[in-house]
Structure formats: C-alpha cells, structure tokens
Amino acid sequence: MKKLVSLVSTAALIVALSAAVASADAGKGQKIFIKEMKPACGFDGGTMAKKHTQAEWKAIQDAGKLNEELKKFCPEAKPLKDNYIEHVFDFLHNYASDSGNVPAC
C-alpha cells in the first residue's frame, strides 16, 4: 500500500510539473515578437496586440491562423516557428485591445 501511494504521488508530481513547463508564456511571446517580428513590422508588439480583442485573438488561434493574421499586418515578416506560436498568442491575447494591459515593448 505504501509503495502504491508513493508511486501515485510521484506520478501526480511529474504530471503537474510537465503541465507547468508546457504552458505558454506572455513574456517569452513578447521577446519573440521583438526579435522576430518587430523589425519587419515597423511597430511594437503592443500595437499588434491592440489590433484585435481577446476573443478575436482566441478565435484566430483556435482556427490555426495566427501566422496568416500576423502576415496581414506584417507582409515582410517570416512565419513564426511552430514552437513560438503559443507564446506569441499568449502575449497578443494578454495585451489585446480589450485587456486593459499595456506591454513594455
């Protein structure tokens, strides 16, 4: 019984830690936008985020069209790498026009 409880506890800890690592990060998304998109766009991430509301950014992300939407505003920009999408989405969603948040970029 003690081994079973120990095994279940260990498994729960591993699942909890892996979920935290896999989550998107708005700060990382902001850094990615500054590095990858800002030079090609000619404006900062806050300006890009304000182009849509949180619901609109969510709908774009759910449809898998974030790169295409960014390309509309920044035709010179390269598409984001797949592993950057979640972070940039989190940044755009967090600082959308209806969020009340203002990024420092």
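Where is the place of K78 in this protein? The place of K78 is the loop between α5 and α6. Helices here are DSSP runs of H or I with at least four residues, strands are runs of E with at least two, and both are numbered from the N terminus. K78 is exposed, with a relative accessible area of 68%. By that term I mean over 50% relative accessible area, while buried means under 20% and partly exposed lies in between, computed with a 1.4 Å probe on protein chains only. The C-alpha atoms of K78 and M37 are separated by 7.8 Å, although the two residues are 41 residues apart along the chain.

Before going further, I should state the basis of this presentation. This is a predicted model, in which local features need pLDDT of at least 70 and side-chain atom pairs count only at pLDDT 80 or more, while totals for chains, interfaces and linings use all residues. Residues are numbered from 1 along each chain as its sequence is written, and side-chain values use heavy atoms, with hydrogens and water left out.

Let me turn to confidence. The pLDDT, which is the predictor's confidence in each residue on a scale from 0 to 100, averages 85 over the protein, and 81% of the residues score at least 70. Confidence is lowest in helix α1, residues 2–22, at a mean of 58, and highest in α4, at 96.

Now the overall architecture. The protein has six helices and zero strands, and along the sequence the pattern reads α-α-α-α-α-α. Of its 105 residues, 32% count as buried. A contact means heavy atoms within 4.5 Å. Among contacts with a separation of 6 or more, 67% are between residues 24 or more positions apart.

I begin with helix α2. A straight helix of 16 residues would span 22 Å at 1.5 Å a residue, yet α2 spans only 19 Å between its end C-alpha atoms. The expected span is 1.5 Å times one less than the number of residues. α2 also bends by about 40° at I34, the bend being the angle between axes fitted to the seven residues ending there and the seven starting there. Its buried residues are A26, G29, Q30, I32, F33, M37 and C41, and what covers them includes α3, α5 and α6.

Not counting residues up to four places away in sequence, K38 touches F33, F43 and D44.

Next, helix α4. Which residues of α4 are buried? They are W57, I60 and Q61. Seen down the helix axis, these buried residues fall within an arc of 100°, so they line one face of α4; the arc is that of the directions from the helix axis to the C-beta atoms. On the other side of α4, A55 and D62 are exposed. The buried residues pack against α3, α5 and α6. Just after α4, G64 takes a positive phi of about 75°.

The last helix is α6, residues 82–94. Its 13 residues should span 18 Å at 1.5 Å a residue, and because its end C-alpha atoms are 19 Å apart, the two values agree. Y84, I85, H87, V88, F89, F91 and L92 are buried in α6. What covers them includes α2 (26–41), α3 (45–49), α4 (54–62) and α5 (66–73).

H93 is also in α6, and at 23% relative accessibility this histidine counts as partly exposed. Leaving aside neighbours within four places in sequence, H93 is in contact with Q54, W57, K58 and S99. The C-alpha atoms of H93 and A26, 67 residues apart along the chain, are separated by 8.5 Å.

Finally, I come to the core. A nonpolar core is a set of buried Ala, Val, Leu, Ile, Met, Phe, Trp, Tyr and Cys residues joined through side-chain atoms within 4.5 Å. The largest one has 22 residues, of which M37, M48, W57, L66, L70, L80 and L92 touch the most other members. At least two residues of this core come from each of α2, α3, α4, α5 and α6, and α6 supplies the largest share, six residues. As for L66, its contacts are W57, I60, Q61, I85, F89 and L92, not counting residues up to four places away in sequence.
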